Amino acid sequence: PKALPVALSLIKLAMRFYRRIYRIERLAKDEKMTPQQRYALRQRLTKPIMKEFKVWLDANFPTVLPKSTLGRAFNYTEALGWLMPILDDGRLEADNNLTEQEIKPFVIARKNFMFCSSVSGANALCFHFSLIRTAKRHGLDPYRYYVKILKDIPCCESVEDYEALLPWNIELEKVGTLKVAA
């Protein structure tokens, strides 16, 4: 019973470090900083917070039970190995939220893959998903892009013809851009 208030106190203190780091990340996004600018900002503001967090972790780690949820969280965070790379590369994000958003359609559709009647059918479904997600990633209207490539593929005679249909090579006016909700 006494351990619960202590654990909650440690959690609140740890979250303060994360909030400080994420405020800096928000500033970088709001200012539309280049990777070089983000690197400099992180060196100046984030690095001292992470050093302070490391000292705090080292001081408090011995006070938690290693197999407890809090102990596992401390163990996971210990050495800050998972967050340290952002200090060395301004191109890196502090979290994997964008990746999570990108794979969400696959996670939602995972059960549908079970109903493919063959491995070839599952591979075809994955191929179509890949085309749609890649088109979206490049800002193309996926339906119009799909129609365009299905019409043009039979006319392709060379590698260059196929490469011209890749999402990053296609002319936007031929397929339109993705409509983003406001």
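Biologist: What should I know before reading the values?

Modeller: This is a predicted model: local features need pLDDT of at least 70, side-chain atom pairs count only at pLDDT 80 or more, and totals for chains, interfaces and linings use all residues. Residues are numbered from 1 along each chain as its sequence is written, and side-chain values use heavy atoms, with hydrogens and water left out.

Biologist: How many salt bridges are there?

Modeller: A salt bridge is a side-chain nitrogen of Lys or Arg within 4 Å of a carboxyl oxygen of Asp or Glu. By this rule there are 8 salt bridges. Take E25 and R42: their side chains meet at 2.7 Å, N to O. This pair links distant parts of the chain, with E25 in helix α1 and R42 in helix α2, 17 residues apart. Helices here are DSSP runs (H or I, at least four residues), numbered from the N terminus.

Biologist: Are E25 and R42 buried or exposed?

Modeller: Buried means under 20% relative accessible area, exposed over 50%, partly exposed in between (1.4 Å probe, protein chains only). E25 is buried because its relative accessible area is 6%. R42 has 1%, so R42 is buried.

Biologist: Which residue forms a salt bridge with K54?

Modeller: D58 does, with the closest N and O atoms 2.8 Å apart. K54 and D58 are 4 residues apart in helix α2, so about one helical turn separates them. K54 is partly exposed, at 25%. D58 is also partly exposed, at 38% relative accessibility. Elsewhere, salt bridges that share partners join K29, R38 and E93 into one network.

Biologist: Where does R38 lie?

Modeller: R38 is in helix α2, residues 35–60. R38 is buried, with a relative accessible area of 8%. Contact means heavy atoms within 4.5 Å. Leaving aside neighbours within four places in sequence, the contacts of R38 include E25, M33 and E93.

Biologist: Which residues form a positive surface patch?

Modeller: Patches are made of residues with over 30% relative accessible area and no salt bridge; like charges are joined within 9 Å, and nonpolar side chains (Val, Leu, Ile, Met, Phe, Trp, Tyr) within 5 Å. Lys and Arg count as positive, Asp and Glu as negative. K12, R16, R19 and R23 form the positive patch. R23 sits in helix α1, residues 3–30. R23 counts as exposed because its relative accessibility is 55%.

Biologist: Which residues gather in a patch of negative charge?

Modeller: E157, E160, D161 and E163 do, on the surface. D161 is in helix α8, residues 159–163. At 32% relative accessibility, D161 counts as partly exposed.

Definitions and conventions. Areas by Shrake-Rupley, 256 points an atom, 1.4 Å probe, with all protein chains shown as cover. Charge placed at Lys NZ, Arg CZ, Asp CG, Glu CD. Helix = DSSP H or I, 4+ residues; strand = E, 2+ residues; numbered from the N terminus.
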